[in-house]
Amino acid sequence: IRIHPEVGHEVLAVIEFPGPVAGIVHQHQERLNGSGYPLGLSGDEILIEARILAIADVVEAMSSHRPYRPALGIERAVAEIAANRGILYDPEVVDCCLNLINREGFRFEELQR
């Protein structure tokens, strides 16, 4: 699991994209306080797109079923990102995500696998 950002980076680095897609994937497990991986980046060293993807990844991962555990639910995902706002996760990105989730009519549907 800890090597997937590097594997994703290697796969995407050979494809020409109009933006830093390979770098975004490479950095999406980095955390604001430097506790992430694989590069140990912190704060503004992390691409904003990677900070956005990090939040999306956490919400999706926690809200969806995994082979090793049932879905934890959107409520647990919201609690995780809110509790670690400004610590692990970019505060502006967390606020945007929470605003979206709290909109009337928002529905998070687990993908059927």
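Predicted model: local features only at pLDDT ≥ 70, side-chain atom pairs only at ≥ 80, totals over all residues.
A crossing of two helices is left-handed if the near helix is turned anticlockwise from the far one by less than a right angle, and right-handed if clockwise.

**Stop one: H4 against H5.** Select helix H4, residues 74-83, together with helix H5, residues 91-101. H4 passes H5 in a left-handed crossing. The axes of H4 and H5 are 10 Å apart, and the packing angle is about 155°. Because angles over 145 degrees count as roughly antiparallel, H4 is roughly antiparallel to H5. Next, display the side chains at this contact: Ile74, Val78, Ile81 and Ala82 on H4 face Val94, Cys97, Leu98 and Ile101 on H5. By class, the contact of H4 with H5 comprises eight nonpolar residues, with no polar and no charged ones.

**Stop two: H3 against H5.** The crossing of H3 and H5 is right-handed. From H3, the contact draws on Ile48, Arg51, Ile52, Ile55 and Val59, while H5 supplies Val93, Val94 and Cys97. Sorted by class, the contact of H3 with H5 holds seven nonpolar residues, no polar residue and one charged residue.

**Stop three: H3 against H4.** The axes of H3 and H4 are 8 Å apart, at an angle of about 145°. H3 passes H4 in a right-handed crossing. Which residues meet here? On H3, select Ile55, Val58, Val59, Met62 and Ser63; on H4, select Ile74, Arg76, Ala77, Glu80 and Ile81. The contact of H3 with H4 divides into seven nonpolar, one polar and two charged residues.

Move to the loop between helix H2 (21-27) and H3, where proline 38 is found. Is the peptide bond from tyrosine 37 to proline 38 cis or trans? That bond is cis, with omega near 10°. For context, most peptide bonds are trans.

**Stop five: the ring of tyrosine 37.** The charged end of arginine 2 sits over the ring of tyrosine 37, 4.0 Å from the ring centre.

Note on methods. Residues numbered from 1 in each chain as written. Heavy atoms only, no water. Axes fitted to C-alpha atoms, helices over the stretch in contact; angles between N-to-C directions. Helix = DSSP H or I, 4+ residues; strand = E, 2+ residues; numbered from the N terminus. Contact = heavy atoms within 4.5 Å. Nonpolar A, V, L, I, M, F, W, Y, C, P; charged D, E, K, R; others polar. Lys NZ or Arg CZ within 6 Å of the ring centre and 35° of its normal. Parallel < 35°, antiparallel > 145°, perpendicular 65-115°, else oblique.
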